[in-house]
Amino acid sequence: MNTLRASLRTHRALLLIVLPYAAAATLLAGGLPSASEILNVLAGFLVAILTGPVFILCGYTIHVMVVHRPHRLCHYLYHDLRRYLSNERLLHALPALLLIPVFASSFTVFKGAIPRLHPYTWDVTLSAWDVALHGGMAPWERLQPLLGHPLVTGLLNFSYHFWFFLFYAILYWLILDTRRPLLRMQFLLSFALTWIVLGSILAVLFASVGPCYYGHFHSNDPYAPLMAYLHDANQHIPVWALQVQDMLWQGYQSKGANGELGISAMPSMHVATAVLMAIMGWKVSRAAGIALSAFAVLILLGSIHLGWHYALDGYVGATGAALVWRLVGRLLGSQATAPAMHVATAPCMSKEGLTS
């Protein structure tokens with residue numbers, strides 16, 4: 001019980017951010033949900049809780065198979081995980097484990113409500129700013145000679161979808177981590193604030209649908225050649241983004257009857273979150289920083305090339321995420337951003353397996 005009380009005190013800032021946000025989402029959704037909606041939320045809640053640990057377990061299993069190669073893999077994993085998932089660690093992680101699915105559901109409500117709160121009127125302006133910022137040519141056109149090949153498109157498409165797996169794995173790894181309390185809390189608070197400030201508030205103020213939907217709202221569509229290329233590339237290698245775009249558009253047209261996942265371009269939360277992961281990576285190790293920074297660049301390129309975003313969406317997302325990270329670091333104290341943070345640079349897996 002003392003451990004749980006201490007954990008609640010540790011997470012009080014996260015509680016003060018997530019719970020009012022969830023209350024606002026409840027009001028925006030029209031009050032308390034029906035029984036069927038509650039069941040859907042609970043199902044999503046369970047999926048969200050299990051997704052991250054499953055990804056971590058898969059990654060760790062591969063690590064064990066490649067590095068340690070035990071004779072009895074399942075026996076090794078069982079005992080190692082049993083040591084790692086102690087009662088103290090689980091109680092320490094419990095508030096965050098419960099808050100993250102609530103936060104994700106609340107974010108979905110806000111995103112789905114964007115067209116009700118503000119009509120999609122910013123696309124023409126954002127598109128014009130994109131062209132002006134890049135020397136009179138749309139960013140996707142400048143990138144097309146480099147990226148406009150089915151194999152390259154396939155790589156960016158894979159990276160863009162792999163974002164979900166990587167993000168959940170990193171998020172739940174940090175939730176369970178006990179070695180880097182300042183870094184852990186800085187990431188959790190930065191993630192929550194970034195998604196609220198950028199993904200909800202700015203997304204409403206600059207309501208836009210992005211290049212892939214531009215032609216649905218405007219007769220003159222400068223992104224039609226890009227979408228035509230993506231459909232052509234899909235004949236050679238699967239471009240999953242097209243199916244997701246169609247699904248979101250059907251949800252938008254149904255006005256919530258077939259689900260309300262929401263459409264929003266400005267700013268890019270894919271890029272914002274990838275930048276948060278990259279910043280966090282540099283605090284862990286140089287190799288992690290380089291790898292996650294390269295991944296953030298792929299996400300930015302993919303957001304443009306796959307028709308999801310204007311380049312400006314990515315720039316605003318990246319800048320906003322970096323500013324939120326810095327602000328949270330200052331609020332948590334100088335230690336959160338000081339070089340001394342690098343004392344905890346050892347990976348979370350030692351020779352013997354998972355460590356504390």
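Rings of Phe, Tyr and Trp (its six-membered ring) are taken as a pair if their centres lie within 6.5 Å, with planes under 30 degrees apart counted as stacked, over 60 as edge-to-face and the rest as tilted. In this predicted model, local features need pLDDT of at least 70 and side-chain atom pairs count only at pLDDT 80 or more, while totals for chains, interfaces and linings use all residues. Residues are numbered from 1 along each chain as its sequence is written, and side-chain values use heavy atoms, with hydrogens and water left out.

**Aromatic contacts**

Across the whole structure, 26 aromatic pairs are found. One of these is the tilted pair of Phe167 and Phe191, with 5.2 Å from centre to centre and 50° between the planes. This pair links distant parts of the chain, 24 residues apart, since Phe167 belongs to helix α8 (residues 150–176) and Phe191 to helix α9 (residues 181–205); helices (H or I, at least four residues) are DSSP runs numbered from the N terminus. Both Phe167 and Phe191 are buried, where buried means under 20% relative accessible area, exposed over 50% and partly exposed in between (1.4 Å probe, protein chains only). Phe167 and Phe191 also belong to one aromatic cluster, whose members include Tyr21, Phe103, Trp163 and Trp195.

**Salt bridges**

The structure holds two salt bridges, each defined as a side-chain nitrogen of Lys or Arg within 4 Å of a carboxyl oxygen of Asp or Glu.

| Salt bridge | N to O distance |
|---|---|
| Arg83 and Asp80 | 2.7 Å |
| Asp177 and Arg180 | 3.3 Å |

Arg83 and Asp80 are three residues apart in helix α4 (residues 73–84), and are therefore separated by about one helical turn. Arg83 counts as exposed, at 56% relative accessibility, whereas Asp80 counts as buried, at 1%.

On a 1 Å grid over the protein atoms alone, a cavity is a set of points where a 1.4 Å probe fits but cannot get out, and its lining residues have an atom within 4 Å of a point. Grid points are joined across faces, edges and corners, and a volume is the space filled by probe spheres set on the points. By this rule there is one cavity of 30 Å³ or more, and the largest cavity has a volume of about 60 Å³. Among the residues that line the largest cavity are Asp130, Trp140, Tyr223, Leu226 and His309.

Terms used: Helices (H or I, at least four residues) and strands (E, at least two) are DSSP runs, numbered from the N terminus. On a 1 Å grid over the protein atoms alone, a cavity is a set of points where a 1.4 Å probe fits but cannot get out, and a pocket is an open set with protein on both sides within 12 Å along at least five of seven lines; lining residues have an atom within 4 Å of a point.
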